[in-house]
Amino acid sequence: RNFYYITMLRDPVSRYLSEWKHVQRGATWKTSLHMCDGRSPTPDELPTCYEGDDWSGVTLQEFMDCSYNLANNRQVRMLADLSLVGCYNLTFMNESERNMILLQSAKNNLKNMAFFGLTEFQRKTQYLFERTFNLKFISPFTQFNVTRASNVDIGEDVRQRIEELNFLDVQLYEYAKDLFLQRFQYSKQEEHQKNRLKRREERRLLREQRAHQWPREEAAEVTVTEDYNSQVARW
């Protein structure tokens, strides 16, 4: 089979707040094995942020204070090849080198995917998806500007803290947004060019059709004139 890898990215702050609200309601990822290089991470490599069955009722401050919270830079981590940095073993290399490799790996994998979209650009995402896979959705995508994340009232200091915790995701999103809009612009230009060529070809065919009709009309006019002249001669 041919598998086409696609993904959706989201503004890092909104995505982080959305995950916090999700966890606050009792969501967990207990069944996730986090497999990398054929094994799951050890408890020392990937500690949990809470005790008990879930993290229900966690405050945003508590959520941010857990240094090994997988919500931090989740988009980069899920797109990158973790085997390049020793998986979840943070002692494999220094932090700055690890971050640089993860970010570049995420960018490369994103760029080489068959398609990716952005949550904040639903209509453009639909347009590119349809152009990429040559299909049409039966209804337009809807842009929901009011979400659980947007309903969270945070100050500028908290927003800045979230951006710091997700500094790799912030860089990835900026890269993705730039690439996404470039692809959209290119597809639009390509579509306009295709439509121009189509209209030009239609005009050419119309001119040829008219050119074939004119000789027949002239021949018919000559025949009528000759018949009239012969009648006059007989009279």
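Predicted model: local features only at pLDDT ≥ 70, side-chain atom pairs only at ≥ 80, totals over all residues.
View 1. Sorted by class, the lining of the second largest pocket comprises 12 nonpolar, six polar and three charged residues.

**View 2. The largest pocket and the residues around its centre.** The volume of the largest pocket is about 610 Å³, and among the 25 residues that line it, those closest to the centre are S67, N72, N73, L90 and R98. The lining of this largest pocket divides by class into 14 nonpolar, five polar and six charged residues.

**View 3. Helices that contribute to the lining of the largest pocket.** At least two lining residues come from each of α2 (60-65), α3 (74-79), α4, α6 (156-165) and α7 (167-234), and the largest share, four residues, is supplied by α4.

**View 4. Helix α4, residues 95-112.** Helix α4 has 18 residues and spans 26 Å from its first C-alpha to its last, which is close to the 26 Å expected at 1.5 Å a residue. Its buried residues are R98, N99, L102, L103, S105, A106, K107 and L110; of these, R98 is also one of the residues closest to the centre of the largest pocket. In general, an α-helix has 3.6 residues a turn, so residues three or four places apart point the same way.

Methods
Residues numbered from 1 in each chain as written. Heavy atoms only, no water. Expected span 1.5 Å × (residues − 1). Buried < 20%, exposed > 50% of the residue type's maximum accessible area, 1.4 Å probe, protein only. 1 Å grid on protein atoms, 1.4 Å probe; cavity = no way out; pocket = protein on both sides within 12 Å on 5 of 7 lines; lining within 4 Å. Points joined across faces, edges and corners; volume = space filled by probe spheres on them. Nonpolar A, V, L, I, M, F, W, Y, C, P; charged D, E, K, R; others polar.
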